[in-house]
Amino acid sequence: MYMVNSLVSVVCVFVCIRVIIMIKKHLVTVAEMLIIFALILIVSCILNHMYFKPDEWSRILWHNFYNEKKNIDNLYLGSSHVFCDIDPTILDKLNGNNNFNLATSSQLLNGTFYLLKEANRTNNLKYVYVELNYDVSTGREGFKSSSNLISNWRNTDYMKLSLNWIEYAMEMSDMARYPETIFPFLRFKGKALDVGYIRGQMIKKKNKMYKNYEFKMEDDSETKEYRAKGYCYSDKEIAASDLFCNQAKIFENEPMTNEAEGYLRRIIEYCISNDLDITLFSSPIYDLQLLSLENYDAYINQINAIAEEYGIEYLDFNLCKEEFLPIQERQYFTDMQHLNGKGAEIFTPFFHKVMCAPREMREKYFYSSYKEKNQKSKTRLIGIIYLYMSDKGSESRDVRIASNKEKGIEYQILFTPESGETSMVQEFSDNRDFSILLNQKGTYTISAKEKDSQVIQSLEYVY
């Protein structure tokens, strides 16, 4: 079957080319050509049904997009930070327009560009909001790499055939990957002889929820479901024991890649040329994730410079003053990157409030930089960051205590093994780095206080 799949892809491409040549030479009629293409389509559909494992979120999203009965007025584009953080049904009530999240997991800016064109092709858009999470625009492999190609397949697999689709498909990969874009079943060659996998896919596609384009997952820790207009609801909250993350990127000046910047400029210029209002923004993520970066302000500055060049606005909601957006609490996040349902209920109305304010009045809601936010906000002990660089070998792992203050804070570290007495790892000191012994399980209790103060914050990290 593996050879059959490979052969079908080659034959399909060859036949298409051959038919075009034969038409030009008048060796086949248009009717015969249509029959040949119909046969190719039928074979492809059968193999897709057998092998293709769909991205459920994207499949349901695109179904609902194309079946939206009202004209979409306001479009929200970006990655999962959009579909988790912004609830369009709340915005519908607040602004009286029809709002829609056309957001997909790890949506790259080349995808954002073509999704914008698709939405404007089928709707009379008024306003476009583009979310710019740093992770999809900095330090990644090229947009045509295998790992990033998957992010675009989440769109092309379900978009309707059009000139926009063709242009998107041709730009998002090298020619060698065109067959997999046109015939999705080719991506699953490794499952060619896996009868259990084939049976599982065919059973799933007979499921009532699949046929009705419904998405809902429930377990002991989370209820997650697709709701109207591209919104993903979750009731999961970050547990106290999960306040840790890996060290992320270290930003230098202008960390956005040239490729990402190029598509961002195309997005902005498309909106300007089509008389569409556009605002760039970044959704709030948990501060522990941002503190795992170095020099996040470099990213903010680069986006601001591009926005100012075109006379548009960039709003980073990670810079919001706590008095206006008190959202940096575990109960409002499903993980370090995404808001849960309660968080979206807070953020969505605030987003609307900011956007309704006169542009010159919006500055009061924000700090000018992430550095300023941390300096002027109240002291917070936030979590643990796993450091990449370690000279301790395999017996221990270097970590760093994360707080929003770089200076003026002292930390105490205690360790209580699963069986044994508590020991002192560090007396109160301004040192934030220590090592976790990988072969010794237990609880680290970290306390922090400002120098010359008795007010202490504590958190426990179970390892």
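**Close-up views of a predicted model**

**View 1. Helix α3 meets helix α6.** Trp62, Phe65 and Tyr66 of α3 are in contact with Leu115, Glu118, Ala119 and Thr122 of α6. Contact means heavy atoms within 4.5 Å. This is a predicted model, in which local features need pLDDT of at least 70, side-chain atom pairs count only at pLDDT 80 or more, and totals for chains, interfaces and linings use all residues. Residues are numbered from 1 along each chain as its sequence is written, and side-chain values use heavy atoms, with hydrogens and water left out. The residues where α3 touches α6 are five nonpolar, one polar and one charged. Here Ala, Val, Leu, Ile, Met, Phe, Trp, Tyr, Cys and Pro count as nonpolar, Asp, Glu, Lys and Arg as charged, and the others, Gly among them, as polar. Helix α3 spans residues 56–66 and helix α6 residues 109–122. Helices are DSSP runs (H or I, at least four residues), numbered from the N terminus. Their axes lie 11 Å apart, at an angle of about 25 degrees. Axes are lines fitted to C-alpha atoms over the stretch in contact, and angles run from 0 to 180 degrees between N-to-C directions. The two helices are therefore roughly parallel (angles under 35 degrees).

**View 2. Helix α6 also packs with α8.** The angle is about 175 degrees, and the axes are 10 Å apart. That makes the pair roughly antiparallel (over 145 degrees). From α6 come Asn110, Gly111, Tyr114, Leu115, Lys117 and Glu118. They meet Asn164, Glu167, Tyr168 and Glu171 of α8. This contact holds three nonpolar, three polar and four charged residues.

**View 3. Serine 162 sits in the loop between α7 (146–156) and α8 (163–171).** Serine 162 is buried, at 11% relative accessible area. Buried means under 20% relative accessible area (1.4 Å probe, protein chains only). Leaving aside neighbours within four places in sequence, serine 162 touches Glu118 and Arg121.

**View 4. Alanine 169 lies in helix α8.** Alanine 169 is buried too, at 8% relative accessibility. Not counting residues up to four places away in sequence, it touches Tyr178 and Thr181.

**View 5. The largest nonpolar core has 112 residues.** Such a core is a set of buried Ala, Val, Leu, Ile, Met, Phe, Trp, Tyr and Cys residues joined through side-chain atoms within 4.5 Å. Leu102, Leu116, Leu280, Tyr296 and Phe317 touch the most other members. Helix α14 (residues 296–310) gives the largest share, eight residues.

Technical notes:
Buried means under 20% relative accessible area, exposed over 50%, partly exposed in between (1.4 Å probe, protein chains only). Angles under 35 degrees count as roughly parallel, over 145 as roughly antiparallel, 65 to 115 as roughly perpendicular and the rest as oblique.
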